[in-house]
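Here is a short briefing to read beside the structure. Keep the viewer open and find each part as you go.

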Amino acid sequence: MIYDVINNLTGSPVLSAVIVAMLPLFLFILPFALVAVYLERKVSAHMQDRLGPMRVGYHGVLQTIADIIKLIQKEDIIAKDNDKLLFNIAPVLVFVGSYAAFAAIPFTSIFIGAQIDLGIFLIIAVTGLVVAGILMAGWASNNKYSLLGAMRAVAQIISYEIPTILVVLSLVMMTGSMNLYTLSEMQTGYFWNWNLFGGNYDILQKLLLIPFMLIGFIIIYISTLAEVNRTPFDIPEAESELVSGFHTEYSGMKFAMFFLAEYANMFAVSAIVAALFLGGYQSPFGYLGNLIGAEWLVPIEQFLWFTIKGVGLVLVQMWLRWTLPRLRVDQLMTVSWKYLIPISFVNLIIIGLITIL
Amino acid sequence: MSFESKENIENKSGVRTEEMVLNMGPQHPSTHGVLRLEITLEGELITKITPHIGYLHRCFEKHAEAMTYPQVIPYTDRMDYLASMYNEIGYVIGVEKLLKIEVPERVEYIRVIMGELQRIASHLVALGTYGVDIGAFTPFLYCFRDREKILHLFEITCGARLLYNYIWIGGLSHDLHPDFVRLTREFIKDFKPNIKELNNLLSYNKIFIDRTANVGILPVDTAINYGVTGPNLRASGINWDLRKDDPYSVYHKFDYEIPVGEGKAGTVGDSWDRYYVRVCEMEESLKIIEQALDTLPDGDIASAIPKRIKPPAGMIYSRVENPRGELGYFIISDGTINPFRVKVRAPSFVSLQIMDELCRGHLVADVITILGSIDIVLGEIDRE
Amino acid sequence: MKKPEEIFQILKKKFDKTELIFKTDIPVEPFIIVPALEIDKVCKFLYEDSELEFDSLVNLSGVDDFNGEKAKDDSGKETMKGGTISVYYHLESIKLKHKILIKVSTDRDKPEVASVVEIWRSADWHEREAYDMFGIKFINHPDLNRILMPYDWDAGYPLRKDYENPEFYQGMKVPY
């Protein structure tokens, strides 16, 4: 619908497609990243029995803006022996890899950035760009510690993409479509029809599927935690071991880009998990708009529900970060290769069997 | 391929390897001060570690020869700045034995109370920063919240939070504040559930156990040969505590136990044991403080402070049980008002030598784990 | 639990050729004086004998006795000629719970003491510190460098009584 509006406005399908794909980026994600920085500091502060930012604005609300202004006016330091081209491109790649995934995420039923049939495939492929960006950043910094951090990050992200993909595959097998929009539409009804509880099928299949869906949910949540380098998997940016890992040498706006990219990434993976398992933008209880007869209210409510689910999962990620200690590199690899991959593989096979029968 | 020298191809499998030297420099968030560790790595495994110290050397021993005996006490504070009361107690006990003066009972009891409170405060710092090194940020703030209460108790007694100059030769500088006993009892009541919370959050956390169990195992014989004392030695399984085995002050009047490492989460003497022994010691210190508060005698604290402190010529080695181990003062006096020689046997100085032996064959991430579990303070190592 | 007199008797019986003195008149505790170059053999015996079993070296400290003759050297500075530097060893047995103090004296102008590193590994850094602060050379020590002062400090040994700070170190002015 919005696509048609813009198409009428500009008259060129290509331009309007580009604008429609970039709308969620500027209207939602960029402000969200700014809010998420503030949210993380407040959440961590209250969990640690202190207050967090309190002075800038009412209860510190303007803290992120102050941070961004500070980072913009900082000197951009490039050391003499750094590889200038790679050094400059790396943050851009990481930024792009995180933000471009939002084009295919269904925010509400009437608007999706880019209606592609290969939604999930696109998202997973684009987030792979982040790996290249991190490796470039570590190498171009000309610093032993940064290189170590970058190599660990790459190993971690690649190892944890496999359980993610296996779980996504199992879901795709069950529902038969890779388009996230279709997936969300299939989970209409009350929360009983969400994929976490078996999807929109008859009762026997649902009951059989529920335990495996639960396992899949846990596995994908853990793997996506590792993909965004959050504790307990934050070896690449382990402050107490390698002093910030692969982005040690960055200052000013480039550092801000890494930073914002991390928060956007967090929301992206939460959104994917929500779309896959928790019903996307569907409400668990039916729509207020339908109840009072105002049809135009429904998409707005769906948007609200989607945001609530996404932000809820992001808050759980923050909760985990400030509670758990960090895993060592070899233990991280063990968890992925020895535990998550076999379990998700078996999960895949069983879900496939249940779907066929 | 043709210009590779013969020395490089030594490895049996024909792969050319070399050792990398990594420097965990004097400025690093996890080395607990200005310590330089020169780590020789082969891949990610460590083959040798050389600690380089001396960045915080402030010449305490030379200063002590130029000061009078009471003037040395603020200098002793600044060596192990996280456990200042014990530095003062060790020095003062030595001088009192040389002077052959007997302090009143009330003074002894107050010294014990202050010492045990200081032990809890020091262990809280050790455990909190150990959590931060492993990656758990929240227990650090919980530990420091409790430590604030202890520092408040010190502040109302002598006016300072970290470096006190409170224990004088022959007595104390101030008597207890009228509110001290009530506030301490409140603190004890509040602190016991906090230890349980710390255990749930950190000690029995599966990830923490994976990081610390079976890492840096210190066998008993090696520990004794290297001169390691304190919680590091007790974690290796042997029950040796100066408060029971070589008693000083009035410790023989209290009923408490000495926690010994048993290898509950891994092997005896690994990093988890060293961490857990400290947690248990905090509980035992609470017992001692309670008993001391219950039986605190009255008296005048300034009655035994001599006017001129001029010990006869002689030498003495006095030692106390620091939170980090055995702190010893070897004081030689030659009959004048300045000490002739004061040598400090700092426990962290001796414990740091085992880093090389413990870290061989581990990964780089384990260096931080092992260093944090030994609990060093650079002020003590470099002898101020 | 053995008293210092008994320990001295056992030592005297074993080392009847070396000169061992038992001093009891200096407060607070008695101690045994051992010649400087025999200290490693004596310590080895103390470590291995089943009745004594001193398994832990608690402290090793150097002391500048400052008991030579005061002399004025060419530039008018007061220095000391002759005299002794001592090293005190505090030994303890954790198993049998007794302790002993041993003193070793050597020349101030050329101090040399046998090293006990092979017996107790904790002597490693203690001896390095004694070398750094007093200039005592420990024979057979594997790595005798300065430990607290910078590695290339060449202006003397700081804890000697007649030590003076140099004017410059590597181009930086030393006196405050």
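Which side chains meet Glu65(B) or Lys161(C) in a salt bridge? The two meet each other: the side chains of Glu65(B) and Lys161(C) form a salt bridge, with 3.2 Å from N to O. Keep in mind that this is a predicted model.

**Where chain C meets chain B**

- The rule finds six salt bridges across this interface.
- Strand 3, strand 6 and helix 3 (123-134) of chain C each give at least two residues to the side that touches chain B.
- Strand 3 of chain C supplies the largest share of that side, with eight residues.
- Chain C puts 41 residues into the contact, and chain B puts in 39 residues.
- About 3,500 Å² is buried between the two chains. Carbon and sulfur atoms give 60% of that area.
- In chain C, the residues that lose the most area to chain B are Ile94(C), Trp125(C) and Leu148(C). Together they make up 20% of what that side buries.
- Polar contacts between chain C and chain B link 18 residue pairs, with both residues at pLDDT 80 or more.

**Strands of chain C**

- Strand 6 of chain C covers residues 84-93. Is this strand mostly covered or mostly open? It is mostly covered, with nine of its ten residues buried.
- Strand 3 (residues 56-64) of chain C runs antiparallel to strand 6 of chain C, and eight bridges join them.
- Look for Ser61(C), which stands opposite Tyr88(C) of strand 6.
- Strand 6 of chain C also pairs with strand 7 (residues 98-107) of chain C. This pairing is antiparallel too, over ten bridges.
- Leu91(C) has Ile100(C) in strand 7 as its bridge partner.
- Strands 6 and 7 of chain C form a hairpin, with four residues between them. In the turn, Lys97(C) has a positive phi of about 60°.
- In a regular strand, side chains alternate between the two faces of the sheet.

**Helix 5 of chain B**

- Just after the helix, Gly159(B) takes a positive phi of about 90°.

Conventions: Residues numbered from 1 in each chain as written. Chains lettered and ligands numbered in written order. Predicted model: local features only at pLDDT ≥ 70, side-chain atom pairs only at ≥ 80, totals over all residues. Heavy atoms only, no water. Buried < 20%, exposed > 50% of the residue type's maximum accessible area, 1.4 Å probe, protein only. Pairing = 2+ DSSP bridges. Contact = heavy atoms within 4.5 Å. Buried area = accessible area lost by both parts, 1.4 Å probe. Salt bridge = Lys/Arg side-chain N within 4 Å of Asp/Glu carboxyl O. Polar contact = N/O pair within 3.5 Å; in protein donor to acceptor, adjacent residues only side chain to side chain.
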